[in-house]
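Work through the exercises below with the sequence and the model in view. Try each task before reading its solution.

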Amino acid sequence: LVYCLTRDHELAAALDRRLSGALAFFYNDAARLHQAVGLRPPSMVVIDTGAIRPEFGDAGLGPVVDFLRNRAPDARLAVRPKAGVEHLVAAEAGEGVELTPHEVAACVDAVAVACGCP
């Protein structure tokens, strides 16, 4: 079970095609992701920093990651940072969160490998 927080339609479509061996759900805001986690914890969550509300900036990532760590402690967490700010995103996300490449194809490949999908 994979949850993905993104507003990038290209990324969502590519992940949906590639993760054929997984059950993937896509959310465009953190509130909907929180509701889904409350109903059924995922095995992996992909957080696209482009889906973090602009008024929170990169600092909005921390609360999302903290919520997931508390509510889905066994879930693998991956973050797709905006290009050029990977070091800031890594610091905000904290230890144990994997960073994926920003480019869609490379991000999809990284998530598929993490999920064990061919």
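The exercises go from the whole chain to single contacts.

This is a predicted model, in which local features need pLDDT of at least 70, side-chain atom pairs count only at pLDDT 80 or more, and totals for chains, interfaces and linings use all residues. Residues are numbered from 1 along each chain as its sequence is written, and side-chain values use heavy atoms, with hydrogens and water left out.

**Exercise 1. The whole chain**

Task: State which pattern the chain follows along the sequence, and compare its radius of gyration with that of a compact globule.

Solution. Step 1: the chain has five helices and five strands; helices (H or I, at least four residues) and strands (E, at least two) are DSSP runs, numbered from the N terminus. Step 2: along the sequence they give the pattern β-α-β-α-β-α-β-α-β-α. Step 3: a compact globule of 118 residues would have a radius of gyration near 13 Å, and the chain, with 13 Å, agrees. This radius is taken over C-alpha atoms, and the globule rule is 2.2 Å times the number of residues to the power 0.38. Step 4: along the principal axes, the C-alpha atoms fill a box of roughly 35 × 30 × 25 Å.

**Exercise 2. The aromatic cluster**

Task: Find which residues the ring pairs link into a cluster, and describe the pairs.

Solution. Step 1: there are two aromatic pairs in the structure. Rings of Phe, Tyr and Trp (its six-membered ring) pair if their centres lie within 6.5 Å; planes under 30 degrees apart count as stacked, over 60 as edge-to-face and the rest as tilted. Step 2: the ring centres of Y3 and F25 are 6.0 Å apart and the planes stand at 75°, so this pair is edge-to-face. Because Y3 belongs to strand 1 (residues 2-5) and F25 to strand 2 (residues 24-27), the pair ties together parts 22 residues apart in sequence. Step 3: Y3 also pairs edge-to-face with Y27, at 5.5 Å centre to centre and 85° between the planes. That pair joins strand 1 to strand 2 across 24 residues. Step 4: the cluster therefore consists of Y3, F25 and Y27, linked by ring pairs.

**Exercise 3. Buried or exposed?**

Task: Classify Y3, F25, Y27 and T49 by accessibility.

Solution. Step 1: buried means under 20% relative accessible area, exposed over 50%, and partly exposed in between (1.4 Å probe, protein chains only). Step 2: Y3 has 4% and is buried, and Y27, at 16%, is buried. Step 3: F25 has 35%, so F25 is partly exposed. Step 4: T49, with 4%, is buried. T49 sits in the loop between strand 3 (44-48) and helix 3 (61-71). Leaving out residues up to four places away in sequence, T49 touches L61, V79, R80, P81, K82 and V89; contact means heavy atoms within 4.5 Å.

**Exercise 4. Helix packing**

Task: Describe how helix 1 and helix 5 pack, then name what the buried residues of helix 3 pack against.

Solution. Step 1: helix 1 (residues 9-18) and helix 5 (residues 104-115) pack at about 40°, with axes 10 Å apart. Axes are lines fitted to C-alpha atoms, for helices over the stretch in contact, and angles run from 0 to 180 degrees between N-to-C directions. Step 2: residues of helix 1 in the contact include L11 and A14, and those of helix 5 include V108 and V111. Step 3: L61, G62, V64, V65, F67 and L68 of helix 3 are buried. The buried residues of helix 3 pack against strand 1, helix 2 (30-39), strand 3, strand 4 (76-80) and helix 4 (86-93).
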